[in-house]
Amino acid sequence: MNSQFIVFDIWADYAHFRKYYTTSSPLTFSIPPRTALIGLISAILGLDKDEYLVHMTKDKCDIATRVLAPVKKVRMGQNLINTKDGYWVPVARGFHEPRTQIRFEYLKDPKFRVYFQCKDNEIQENLLTKLSEHKSIYTPCLGLSELLADFSFVGAFQVGETLSNTDFLDVNTVLPLDLVDKLEIIQPGRKFFKERIPTEMLPGRVVTEYREVIYEIEGKPIKAKLKSTLVLENNDVITPM
């Protein structure tokens, strides 16, 4: 594994990372799951939608994310065309209505910082080049193809230290709960939320792993004692998902 993390920011007007258990009224995760982040990175690189799932498994790539803007959610009605019978008719015909309005939940003005490193030097170098030149092969988006996103390169930082079973640290990124030994619950001015997110997916788009994570709703650091964590040379304390 490369000891260097590539760091970039990603933001959009809206984002939607659909929760796996919602049906008729899609709800969104408050943060991009690891599965969404590898899709985003693959869009920048131009990797095929099935190919990237092979190259970016957890044993090959480390990904962490940090909340940079307060988590805000809105709900809006969205018209979906009816293709249930394999075709679209622009007017009602029998029991076949032309469209259905569904209320979607969206993240409003989301912004995240992404930390990425990969064993594959070609992927690592290609991403570093694309980000530094502000180029992408496919248009980046946050969850849905309509939710176009922009990005900016922050830098490439070496891992300064790998720590385990240390004293309490201020963790900058979303924190997997299975890495936590102790969590300082009462922290003034902080609001913590917990979610169960998908973190690994097979080429057939079958999710094989979920993890419970905790994050601060405004992106403030979380004080915790961890089983393992990484400290970058810019002093960011990160925990890959």
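K111 lies over the face of W11, with 5.2 Å to the ring centre; a charge counts as sitting over a ring if NZ of Lys or CZ of Arg is within 6 Å of the ring centre and within 35 degrees of the ring normal. The charged end of K108 likewise sits over a ring, that of Y14, 5.0 Å from its centre. Please keep in mind that this is a predicted model, where local features need pLDDT of at least 70 and side-chain atom pairs count only at pLDDT 80 or more, while totals for chains, interfaces and linings use all residues. Residues are numbered from 1 along each chain as its sequence is written, and side-chain values use heavy atoms, with hydrogens and water left out.

**Aromatic pairs**

- The structure holds 5 aromatic pairs; rings of Phe, Tyr and Trp (its six-membered ring) pair if their centres lie within 6.5 Å, and planes under 30 degrees apart count as stacked, over 60 as edge-to-face and the rest as tilted.
- One of them joins Y14 and Y106 edge-to-face, at 6.0 Å centre to centre and 70° between the planes.
- This pair links distant parts of the chain, as Y14 in strand β2 (residues 14-15) and Y106 in strand β5 (residues 99-108) are 92 residues apart. Helices (H or I, at least four residues) and strands (E, at least two) are DSSP runs, numbered from the N terminus.
- Y14 counts as partly exposed because its relative accessibility is 26%, whereas Y106 is buried at 6%. Here buried means under 20% relative accessible area, exposed over 50% and partly exposed in between (1.4 Å probe, protein chains only).
- Y20 and Y210 form a tilted pair, 4.8 Å centre to centre with 55° between the planes.
- Y20 lies in the loop between β2 and α1 (34-45) and Y210 in strand β12 (residues 207-216), so this pair ties together parts that are 190 residues apart in sequence.
- Y20 is partly exposed at 38% relative accessibility, and Y210 is partly exposed too, at 29%.
- Y14, F104 and Y106 form one aromatic cluster.

- Strand β3 (residues 61-67) is mostly covered, with 7 of its 7 residues buried.
- On one side of β3 the buried residues are C61, I63, T65 and V67, and on the other D62, A64 and R66.
- β3 pairs with strand β6 (residues 111-118) in the antiparallel sense over 7 bridges; two strands pair if DSSP finds at least two bridges between them.
- Within this pairing, I63 stands opposite F116 in β6.

**A three-strand sheet**

- An open, antiparallel sheet has 3 strands in the order β8-β13-β10.
- β8 (169-171) and β10 (180-183) are its edge strands, each pairing on one side only.
- β10 and strand β13 (residues 222-226) run antiparallel and are joined by 3 bridges, with V180 opposite L226 in β13.

**Nonpolar cores**

- The largest nonpolar core has 41 residues, and F8, I10, I31, I41, M56, F116 and L127 touch the most other members. Such a core is a set of buried Ala, Val, Leu, Ile, Met, Phe, Trp, Tyr and Cys residues joined through side-chain atoms within 4.5 Å.
- α1 gives the most to this core, with 6 residues.
- Leaving aside neighbours within four places in sequence, I31 is in contact (heavy atoms within 4.5 Å) with F17, V67, F112, V174, E195, I197, V213 and Y215.
- A second, separate core of 11 residues includes V171, L175, A224 and L226.
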